[in-house]
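Here is a friendly walk through one protein model, with the sequence and the fold side by side. Have a look at both, then read on.

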Amino acid sequence: MQDITTIEDVQLLVNTFYTGIQAHSTLGPIFAKRIENGNWQPHLEKMYRFWGTLLLYTQTYSGSPFDKHIGLGIEADHFKEWLELFDTTVDELFSGVVANTAKERAHNIALTFEYKLESLGENKI
């Protein structure tokens, strides 16, 4: 199994992960609230840039990802489910240093978002 080394690998990771999100009974409806007109492509394109920047240092993403998560009613269990799905997706597709970095960064992002949402009174932990 290969590591994440190209933007095509990032796209495969993102597409596979968000296919799982859409089918997920708990997470799917949360994401669907923010996906305008059911058109996932703009979100996927943004995630290609986001993960490309984090994993391949493409420097193609700019923005504040946290702000998009305010007001969604995300709870602690949602973070656990998101991470389980993300880790499983990475492990099914890739193996190596960058794959491990992807999982590590996802966990750090989830912890940061969870803390920030809790501090805003948004997260019901």
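## Aromatic contacts

Tyrosine 18 counts as buried, because its relative accessibility is 5% (buried means under 20% relative accessible area, exposed over 50% and partly exposed in between, with a 1.4 Å probe and protein chains only). The model is predicted, so local features need pLDDT of at least 70 and side-chain atom pairs count only at pLDDT 80 or more, while totals for chains, interfaces and linings use all residues. Residues are numbered from 1 along each chain as its sequence is written, and side-chain values use heavy atoms, leaving out hydrogens and water.

Across the whole structure, a search finds 10 aromatic pairs (rings of Phe, Tyr and Trp, the last by its six-membered ring, with centres within 6.5 Å; planes under 30 degrees apart are stacked, over 60 edge-to-face and the rest tilted). In one of them, the ring centres of phenylalanine 17 and phenylalanine 86 are 5.3 Å apart with planes at 75°, so this pair is edge-to-face. Phenylalanine 17 belongs to helix α1 (residues 7-23) and phenylalanine 86 to helix α4, so the contact ties together parts 69 residues apart in sequence (helices are DSSP runs of H or I, at least four residues, numbered from the N terminus). Both phenylalanine 17 and phenylalanine 86 are buried.

Tyrosine 18 and phenylalanine 31 also pair edge-to-face, at 5.7 Å centre to centre and 70° between the planes. Phenylalanine 31 counts as buried at 16% relative accessibility. One aromatic cluster includes Phe17, Tyr18, Phe31 and Phe86, with Trp40 and Trp51 also among its members.

## The largest pocket

What volume does the largest pocket have? About 690 Å³, taken as the space filled by probe spheres set on grid points joined across faces, edges and corners. A pocket here is an open set of points on a 1 Å grid over the protein atoms alone, where a 1.4 Å probe fits, with protein on both sides within 12 Å along at least five of seven lines; lining residues have an atom within 4 Å of a point.

The lining holds 26 residues, and Tyr18, Phe31, His43, Lys68 and His69 lie nearest the pocket centre. Helix α3 gives the largest share of the lining, six residues.

## Salt bridges

There are two salt bridges in the structure (a side-chain nitrogen of Lys or Arg within 4 Å of a carboxyl oxygen of Asp or Glu). Aspartate 91 and lysine 103 form one, at 2.6 Å from N to O. This pair links distant parts of the chain, with aspartate 91 in helix α4 and lysine 103 in helix α5, 12 residues apart.

Methods
Helices (H or I, at least four residues) and strands (E, at least two) are DSSP runs, numbered from the N terminus.
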